[in-house]
Amino acid sequence: MCGIVGIVGKSNVNQALYDGLTVLQHRGQDAAGIVTSHDGRLFLRKDNGLVRDVFQQRHMQRLVGHMGIGHVRYPTAGSSSSAEAQPFYVNSPYGITLAHNGNLTNVEQLAKEIYESDLRHVNTNSDSEVLLNVFAHELAQRGKLQPTEEDVFAAVTHVHERCLGGYAVVAMITGYGIVGFRDPNGIRPIVFGQRHTDEGVEYMIASESVSLDVLGFTLIRDLAPGEAVYITEEGKLFTRQCAANPQYAPCIFEHVYLARPDSIMDGISVYKARLRMGEKLADKILRERPDHDIDVVIPVPDTSRTAALPLAYELDVKYREGFIKNRYIGRTFIMPGQQARKKSVKQKLNAIGLEFRKKNVLIVDDSIVRGTTSKKIIQMAREAGARKVYFASASPPVRYPNIYGIDMPAPSELIASGRTIPEIEEELGADWLIYQELDDLIEACREGNENITQFDTSCFSAEYVTGVKEGYLERLQVLRSDQAKSERRNDKNTVLLAS
């Protein structure tokens with residue numbers, strides 16, 4: 001889960017890129033980067049940290065140019081080294097920079113091809129650098145001194161032919177323009193829009209529509225699966241379908257947790273999808289326990305609030321804010337290491353005793369991944385005086401890894417992996433555990449776009465829309481375990497080489 005943005009404007013775009021990235025900060029807190037182009041030269045600033053920390057006034061003053069791209073990152077199978085902060089750059093052809101959200105599932109094969117056939121060097125473990133080199137190679141094969149939109153779209157077509165996985169990309173070709181494209185299954189989100197100024201029309205590409213809204217851009221639409229958009233430095237816009245057999249299969253976890261509720265993704269309101277999740281969950285509770293004894297519904301802030309409200313309404317019980325969040329603590333989902341996550345929960349949330357004391361409480365969260373936070377929250381509710389603690393997840397059990405750009409833990413670290421729901425309930429310490437049904441989740445998320453006939457639900461169903469080669473999930477288990485990540489962080493002398 002990363003955030004990408006690209007702007008072709010009529011004046012310096014550094015501030016607009018910065019503002020766009022702050023709106024997408026929820027998509028990645030590990031690193032941030034911006035690169036701009038002016039008079040054929042590139043100006044780059046990237047480092048580990050939040051947007052507000054990476055970019056100081058002296059950096060912003062150097063980021064001149066009316067065209068640029070930006071990125072906020074969190075690591076998946078790679079490391080949290082600043083060497084992997086994006087955008088990445090290659091000098092040939094033309095000078096290309098690229099920012100990427102997603103994950104390539106055939107990155108080892110591609111890295112080998114890049115070295116042996118394309119004669120290109122990759123210096124990090126990031127699949128984004130591999131993707132950049134594939135795109136650069138395919139564009140170089142056109143052999144043009146000045147690339148046209150036809151050359152750009154041809155290069156994207158070949159990228160789709162070579163790359164497997166989920167990806168949304170913005171790339172800047174120095175002195176020529178910005179291209180955005182989406183994988184043929186539309187797994188990762190990307191939109192584009194425009195705004196009118198006194199100097200002319202400006203264009204923006206971003207991961208989520210909310211980034212456009214905040215900057216005053218009007219959403220044109222989402223890129224379709226396999227589609228590319230190319231905006232020249234002069235402000236001419238071209239679009240083209242570049243995939244042979246595109247199909248809609250967007251990631252359903254965007255609606256569950258990742259996206260901001262005020263975003264529109266593939267024509268579907270994230271906010272309304274989450275409202276429907278709450279209604280569906282309430283229906284299940286009423287089916288299973290029509291005579292429930294729930295006194296109050298309390299959400300885990302912030303993403304579960306939208307689902308918890310209609311759930312409480314349908315159950316005809318009180319909705320209350322029982323947890324206060326310290327907004328200066330990062331998301332535990334993203335935090336490296338189990339010990340850091342455990343320590344963070346208490347620092348992050350504090351219970352209001354009056355809302356728990358002597359009550360049967362239904363706590364609602366958007367999902368349960370490792371279970372670390374959920375277990376601690378249930379314990380906090382008991383310590384605050386709750387008589388019974390019920391726990392509801394607005395999504396089904398997360399039993400399998402996500403391979404398309406979300407840092408799901410290794411399967412052995414998922415609390416639902418290999419466990420029945422009663423076993424998970426006991427492990428969490430809940431008096432009752434309620435999960436959303438997958439069919440209900442799909443129905444809640446697809447309303448609003450009839451063209452979407454399926455979602456990527458792999459972390460719930462183990463059905464991977466691109467397929468999975470033998471041994472891939474086993475290798476992912478090794479790469480994504482907390483132990484492996486800790487070893488990569490501690491080995492500061494390692495030279496990161498893709499092989």
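Reader: How accessible is H38: buried, exposed or in between?
Author: In this predicted model, H38 comes out as partly exposed, because its relative accessibility is 36%, and that value lies between the 20% under which a residue is buried and the 50% over which it is exposed.

Reader: Which element holds H38, and what does it touch?
Author: H38 lies in strand β2, and if residues up to four places away in sequence are set aside, H38 touches F43, V64 and G65.

Reader: And what polar contact does the H38 side chain make?
Author: The side chain of H38 makes a polar contact with the side chain of D39, at 3.2 Å.

Reader: Where does D39 sit, then?
Author: D39 is in the loop between β2, which covers residues 31–38, and β3, which covers residues 41–48.

Reader: What about the backbone and accessibility of D39?
Author: The phi of D39 is positive, at about 55 degrees, although D39 is not a glycine. As for accessibility, D39 counts as exposed because its relative value is 67%, with the cut-off for that class set at over 50%.

Reader: How far is H38 from N12?
Author: Their C-alpha atoms are separated by 9.2 Å, while along the chain H38 and N12 are 26 residues apart.

Reader: Changing topic, which residues does a cis peptide bond join, with omega about -5 degrees?
Author: That cis peptide bond joins S92 and P93, and P93 is found in the loop between β5, residues 88–90, and β6, residues 96–104.

Reader: What can you say about Y94 in that loop?
Author: Y94 is also found in the loop between β5 and β6, and its phi is positive, near 75 degrees, in a residue other than glycine. Y94 is partly exposed, because its relative accessible area is 22%, which places it between the limits of 20% and 50%.

Reader: Which peptide bond has omega near 10 degrees?
Author: The bond from P301 to D302 has that omega value and is cis. D302 has its place in the loop that lies between β16, residues 296–299, and α10, residues 305–315.

Reader: Now H160: where is it, and is it buried or exposed?
Author: H160 is found in helix α6, which runs over residues 149–162, and H160 is buried, because its relative accessible area is 8% and the class takes in values under 20%.

Reader: What surrounds H160 once its close neighbours in sequence are left aside?
Author: Apart from neighbours within four places in sequence, H160 is in contact with Y167, F181, R182, D183, P184, G226, C242 and A243. With one of them, Y167, there is also a polar contact between the two side chains, at 2.8 Å.

Reader: And S412, buried or exposed?
Author: S412 counts as exposed because its relative accessibility is 56%, and S412 is found in the loop between β21, residues 388–393, and α13, residues 421–428.

Reader: How far apart are S412 and I268?
Author: The C-alpha atoms of S412 and I268 are separated by 33 Å, and the two residues are 144 apart along the chain.

Reader: Let's zoom out: how many helices and strands are there?
Author: The protein chain has 17 helices and 22 strands.

Reader: Why does the radius of gyration agree with a compact globule?
Author: The two values agree because a compact globule of 499 residues would have a radius of gyration near 23 Å, and the protein chain has 23 Å. Along its principal axes, the C-alpha trace spans about 75 × 50 × 45 Å.

Conventions:
Residues are numbered from 1 along each chain as its sequence is written. This is a predicted model: local features need pLDDT of at least 70, side-chain atom pairs count only at pLDDT 80 or more; totals for chains, interfaces and linings use all residues. Side-chain values use heavy atoms; hydrogens and water are left out. Helices (H or I, at least four residues) and strands (E, at least two) are DSSP runs, numbered from the N terminus. The radius of gyration is taken over C-alpha atoms; the globule rule is 2.2 Å times the number of residues to the power 0.38. Buried means under 20% relative accessible area, exposed over 50%, partly exposed in between (1.4 Å probe, protein chains only). A polar contact is a pair of N or O atoms within 3.5 Å; within protein, one must be able to donate a hydrogen and the other to accept it, and residues adjacent in sequence count only if both atoms are side-chain atoms. Contact means heavy atoms within 4.5 Å.
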